[in-house]
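Colleague: I would like to learn how to read a few features of a protein model. Could we go through one together?

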Amino acid sequence: IDRFKNINDSMGHHIGDRLLKEFAERVKACLRPGDTLARMGGDEFVLLLPESDEAGAKHVIERIRHALTPPINAGAQEIHITSSIGISIFPHDGPNLHELLRCADVAMYWVKEHGRNGYKVFSREIDSGGADRLSLERDLHLALESGGFSLFYQPKVHIGSGRISGA
């Protein structure tokens, strides 16, 4: 659920709980009898769509997006909710649940970074960023530990007076 933390923080957890229940009910109404909806925690849910391919997953996602369009009545005010959805397909994207969840997570975060309120099917092209960021973070820690950084100050000079006004 997009921006769920903002709703919880600004309106209270009782409103957040009401929103979670309504969200789950609307999503469940879009599923087939053999499909599974599970809450992973916080604002993250997982859908298992057995015997479904990419086209089938996209069809379910479009039904869910349509079901989420009407606002949710939260007492004194209505809340419009959106979702960012990542899709991974077995066995193409992974041989087990852990890898499929990781791939769906990568795709979901891609959606969040590109405006939210949408879905993305996992692809290897969008997966490189996480490994690159971890590598960069590791390299920065090593450089910090080994004294690989130097700090320099550049004076800020006031154009009119020629005096140094900061650094």
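This is a predicted model: local features need pLDDT of at least 70, side-chain atom pairs count only at pLDDT 80 or more; totals for chains, interfaces and linings use all residues.

Colleague: How many helices and strands are in the chain?

Modeller: The chain has 5 helices and 8 strands. Read from the N terminus, their order is α-α-β-β-α-β-β-β-α-β-α-β-β.

Colleague: What does the radius of gyration of the chain come to, and what would a compact globule have?

Modeller: The chain has 23 Å, whereas a compact globule of 167 residues would have a radius near 15 Å. Along the principal axes, the C-alpha atoms fill a box of roughly 75 × 45 × 25 Å. Of the 167 residues, 30% count as buried.

Colleague: Which residues of helix 2 are buried?

Modeller: They are I15, G16, L19, L20, F23, A24, R26 and V27. These residues pack against several elements, among them helix 1, strand 2 and helix 3.

Colleague: How many aromatic pairs does the structure hold?

Modeller: It holds 1 aromatic pair. The ring centres of F23 and F45 are 4.9 Å apart and the planes stand at 45 degrees, so the pair is tilted. F23 belongs to helix 2 and F45 to strand 2, so the pair ties together parts 22 residues apart in sequence.

Colleague: Is F23 buried or exposed?

Modeller: A residue is buried under 20% relative accessible area. F23 has 6% relative accessibility, so F23 counts as buried. F45, at 23%, counts as partly exposed.

Colleague: Which charged end sits over the ring of W110?

Modeller: That of K120, 4.4 Å from the ring centre.

Technical notes: Residues are numbered from 1 along each chain as its sequence is written. Side-chain values use heavy atoms; hydrogens and water are left out. Rings of Phe, Tyr and Trp (its six-membered ring) pair if their centres lie within 6.5 Å; planes under 30 degrees apart count as stacked, over 60 as edge-to-face and the rest as tilted. Helices (H or I, at least four residues) and strands (E, at least two) are DSSP runs, numbered from the N terminus. Buried means under 20% relative accessible area, exposed over 50%, partly exposed in between (1.4 Å probe, protein chains only). A charge sits over a ring if NZ of Lys or CZ of Arg is within 6 Å of the ring centre and within 35 degrees of the ring normal. Contact means heavy atoms within 4.5 Å. The radius of gyration is taken over C-alpha atoms; the globule rule is 2.2 Å times the number of residues to the power 0.38.
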